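Good morning, and thank you for joining.

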Amino acid sequence: MPQADSANSASGANSASGANSASGADGNEKRNDEPGEEQLSLFVERFAADMVEAGMPRMAARVFGALLSSPEGVLSSAQLSEQLRISPAAVSGAISYLVNITLVRREREPGSRRDRYRLHPDQWYEALTSRDARLVRWSGTLRDGIATVGPESTPGRRMAETLEFFDFMRNEMESLLGRWRAHREEVFGPTGPGGHRAADSA
């Protein structure tokens, strides 16, 4: 009897072990800690809601979230359309916005005439650099505005304060980005988490 109990115990242990390393229908072993479609979808929608609250268009925010959570940070229009259940036209509009603010770039699929879309390897750096260029343009416009209304007028002084803020931000951003590059390399290594060396530190 003890031998039978031992055999039954061993059989149960083997069954439990098999359950923990269950294989899918395709025969490939599946890790239990891999997120499922529903978990990824919940993340994308939650992330998109945060981005929308910060001012990003909803469709662009969803596409950005999908790319951010994809294994390689790159998806085709068809993949985005299927995952997010949106039309190709909606994908195109979202991508145009994300490319314009330098968070995403287009590239051609190898051996194909179709485009696919990849997160810029230095997306936050590029986005902030683009914002810096906008600050330069806005500062020029403000200087013209101050000259138009007069620097001593109430509107002129108000514009001067705004101009001073933009100039302050530009000066601080250069120092901030330098510290970010050093911190990024310390945490993720020279090539960063995506295996791409920062363009400005290559």
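This is a predicted model, and its mean pLDDT over the chain is 80, with 77% of the residues reaching 70 or more. Two stretches call for caution. Over residues 4–31 the pLDDT stays under 50, and there the model has 7 contacts beyond four places in sequence. The pLDDT also stays under 50 over residues 197–202, for which there are 10 such contacts beyond four places in sequence.

Let me turn to the overall layout. The chain holds 7 helices and 3 strands, and their order along the sequence is α-α-α-β-α-α-β-β-α-α. Of the 202 residues, 29% are buried. Among contacts with a separation of 6 or more, 45% join residues 24 or more positions apart.

Which helix is largely enclosed by the rest of the structure? That is helix α3, residues 58–68, because 8 of its 11 residues are buried. The buried residues of α3 run from Ala60 and Ala61 through Arg62, Val63, Phe64, Gly65 and Ala66 to Leu67.

I now come to helix pairs. Two packed helices are described by the angle between their axes and by the distance between those axes.

Helix α4 covers residues 77–84 and helix α5 covers residues 88–100; their axes come within 9 Å and cross at roughly 110°. Angles of 65 to 115 degrees count as roughly perpendicular, and α4 is therefore roughly perpendicular to α5. The crossing of α4 past α5 is right-handed. On the α4 side, the residues involved are Ser77, Leu80 and Ser81, and they meet Pro88, Val91 and Ile95 of α5. By class, this contact of α4 with α5 comprises 4 nonpolar and 2 polar residues, with no charged ones.

The other pair is α6 with α7. Here the axes of helix α6, residues 123–149, and helix α7, residues 154–188, come within 9 Å and cross at roughly 160°. The contact of α6 with α7 includes 16 nonpolar residues, together with 5 polar and 5 charged residues.

Thank you; I welcome your questions.

Methods
Residues numbered from 1 in each chain as written. Predicted model: local features only at pLDDT ≥ 70, side-chain atom pairs only at ≥ 80, totals over all residues. Heavy atoms only, no water. Axes fitted to C-alpha atoms, helices over the stretch in contact; angles between N-to-C directions. Helix = DSSP H or I, 4+ residues; strand = E, 2+ residues; numbered from the N terminus. Nonpolar A, V, L, I, M, F, W, Y, C, P; charged D, E, K, R; others polar. pLDDT = per-residue confidence, 0-100. Contact = heavy atoms within 4.5 Å. Buried < 20%, exposed > 50% of the residue type's maximum accessible area, 1.4 Å probe, protein only. Parallel < 35°, antiparallel > 145°, perpendicular 65-115°, else oblique. Left-handed = near helix turned anticlockwise from the far one by under 90°.
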